[in-house]
Amino acid sequence: MAYTDTVREERHVAPAHYSMKIDSFSLLSDMVANSYLEQYESREFEASGYKWKLVLYPNGDKSTNGDGYISLYLVIADTTGFRPGWEINAIFKLFVYDQLQDKYLTIGDGRLRRFCAIKNKWGFPQMLPLSIFNNASNGYLIGDSCVFGAEVFVVKSEGKGEHFSMITDPSDGTFTWEVQYFSGLTGEFYYSQVYLAGGHEWKLKLFPNGQIKQRGKYLSLFLELDNHTNYHTGWKLFVGFTLRIKDQVRSHHHEKTIHTWFSASENDWGLGSFISLSDIKNPSNNFIVNDTLIVEGVLNRLSVHKDFA
């Protein structure tokens with residue numbers, strides 16, 4: 001990661017998860033310079049439910065173009081008991097303390113980094129130029145003492161989600177209701193039997209003399225989802241459906257198609273002014289034959305919601 005790729009900000013608040021104070025920094029620098037490791041590893045610390053450590057290259061990580069810089073990395077420290085193929089996704093920031101201004105310089109890139117068996121270390125090979133770090137007027141190294149730190153926030157998948165899809169013209173999606181003795185219906189509304197279609201239970205609701213404002217003028221017709229009280233909180237179902245009054249002689253049916261969302265607060269949909277009573281009772285329309293009205297509901301489109309884990 002290049003020096004210019006990082007986002008650098010200053011703040012007064014200390015690192016949330018770990019701080020590493022180093023006294024006698026020059027001695028540490030000399031020591032690692034004369035060893036084959038070229039690095040100093042902090043103790044393990046816990047953050048977001050996992051164990052981590054900081055790896056500091058006081059003279060720069062030369063293997064990743066860090067020569068002439070302070071290089072600092074975050075490493076996942078203890079993977080004992082992790083299952084094969086494990087991975088941990090985290091957003092992190094690394095810190096260096098400005099002792100003169102009592103501020104922390106934070107270094108990060110805001111990206112979600114995937115720690116796994118083949119890549120267990122992320123960080124900044126060009127965290128801070130040594131020329132800036134070693135200059136006491138910048139406040140990072142005072143009296144041969146300095147402080148580094150880290151914040152780590154792991155993004156954990158809860159394994160919850162939903163799968164949304166649409167089906168068209170389900171095979172069981174047409175249901176027919178023969179309303180007999182239509183002329184003798186005196187109730188405000190009537191329900192059909194319950195039909196199982198598209199994995200849901202439906203029924204038709206008929207107002208033979210109209211609903212409220214349409215009373216005496218229109219026949220009102222609705223499609224209602226019958227078993228909605230069994231659904232999870234916040235459920236919704238997209239439905240495209242056709243309501244139909246059948247012409248029993250010439251197939252000149254009267255029908256309306258509606259596309260809408262059913263929900264707990266709106267579990268039935270239809271039209272208060274579906275068809276005028278004068279048209280229903282006109283013998284030439286053939287809607288009522290032998291005092292029987294034939295009503296149909298047809299599901300054209302239906303959403304399918306499934307949970308997955």
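Predicted model: local features only at pLDDT ≥ 70, side-chain atom pairs only at ≥ 80, totals over all residues.
View 1. Leaving aside neighbours within four places in sequence, Phe133 is in contact (heavy atoms within 4.5 Å) with Phe25, Ile70, Val96, Leu128, Tyr140, Leu141, Cys146 and Phe148. Phe133 is also, with Trp52 and Phe148, among the residues with the most contacts inside the largest nonpolar core, which has 37 residues. Such a core is a set of buried Ala, Val, Leu, Ile, Met, Phe, Trp, Tyr and Cys residues joined through side-chain atoms within 4.5 Å; buried means under 20% relative accessible area, exposed over 50%, and partly exposed in between (1.4 Å probe, protein chains only). A second, separate core of 30 residues includes Leu223, Trp235, Phe274 and Val295.

**View 2. The aromatic pair of Phe95 and Tyr104.** Rings of Phe, Tyr and Trp (its six-membered ring) pair if their centres lie within 6.5 Å; planes under 30 degrees apart count as stacked, over 60 as edge-to-face and the rest as tilted. This rule gives 19 aromatic pairs. In the edge-to-face pair of Phe95 and Tyr104, the centres are 6.2 Å apart and the planes form an angle of 80°. Both Phe95 and Tyr104 are buried.

**View 3. The aromatic pair of Phe189 and Tyr191.** This edge-to-face pair has 5.7 Å from centre to centre and 80° between the planes. Phe189 counts as partly exposed because its relative accessibility is 33%, and Tyr191 counts as partly exposed at 34%.

**Notes.** Residues are numbered from 1 along each chain as its sequence is written, and side-chain values use heavy atoms, leaving out hydrogens and water. Local features need pLDDT of at least 70 and side-chain atom pairs count only at pLDDT 80 or more, whereas totals for chains, interfaces and linings use all residues.
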